[in-house]
Amino acid sequence: GGLWNMVKGARNSPRGERMQGSISAIRARAPILGGNFAVWGGLFSSFDCSLVWLRRKEDPWNSIASGALTGGVLAARGGWRAASRSAAVGGVLLAMIEGLNIFLTKMLAENSAPPYAPPPPYQPPPMAPAPPTAAKPAAA
């Protein structure tokens, strides 16, 4: 967002004032961009936590549904058509992010054999029973 506004401010400024124009454009749009990001993040987190509580499960489907719900709610002022399009885009975008996350997790995981169980502690072998001894004569 900042880079986009910097380029836009430089292009819309006269030749000698491009740096000042780009900085001015960034400073003018930064609070708006930050506020939009905060609203998106707050809605997404609210939907995500609600779905975790409702489903009693933490899996990628919660994030995908949260992205779709967030996109739909943020575009609801534009009508049902805009809300449904934005919800589809939000769901697809989050599905791609979650898919990439799963792919990278599996690719970067260490593919080694499971560790062996530690050997049992040392126990000396059992002693052989003592040989039978001759019976002593009974004292009279």
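Which helix does Leu108 lie in? Leu108 sits in helix H4 (residues 80-108), where helices are DSSP runs of H or I with at least four residues, numbered from the N terminus. The model is predicted, so local features need pLDDT of at least 70 and side-chain atom pairs pLDDT 80 or more, while totals for chains, interfaces and linings use all residues. Numbering runs from 1 along each chain as its sequence is written, and side-chain values use heavy atoms, with hydrogens and water left out.

As for confidence, the chain has a mean pLDDT (the predictor's confidence in each residue, from 0 to 100) of 87, and 93% of its residues reach 70 or more. Helix H1 (residues 2-11) is where confidence is lowest, at a mean of 78, and H3 is where it is highest, at 96.

H3 (residues 60-74) holds 15 residues and should span 21 Å at 1.5 Å a residue, taking 1.5 Å times one less than the number of residues. Buried residues of H3 include Asn62, Ile64, Gly67 and Gly71; buried means under 20% relative accessible area, exposed over 50%, and partly exposed in between (1.4 Å probe, protein chains only). The buried residues of H3 pack against helix H2 (18-55) and H4, with contact meaning heavy atoms within 4.5 Å.

Back at Leu108, this residue counts as exposed because its relative accessibility is 71%. Pro126, in the segment after H4, is exposed too, with a relative accessible area of 76%. Pro126 and Tyr116 are 10 residues apart in sequence, yet 27 Å apart in space, C-alpha to C-alpha.

Conventions
Helices (H or I, at least four residues) and strands (E, at least two) are DSSP runs, numbered from the N terminus.
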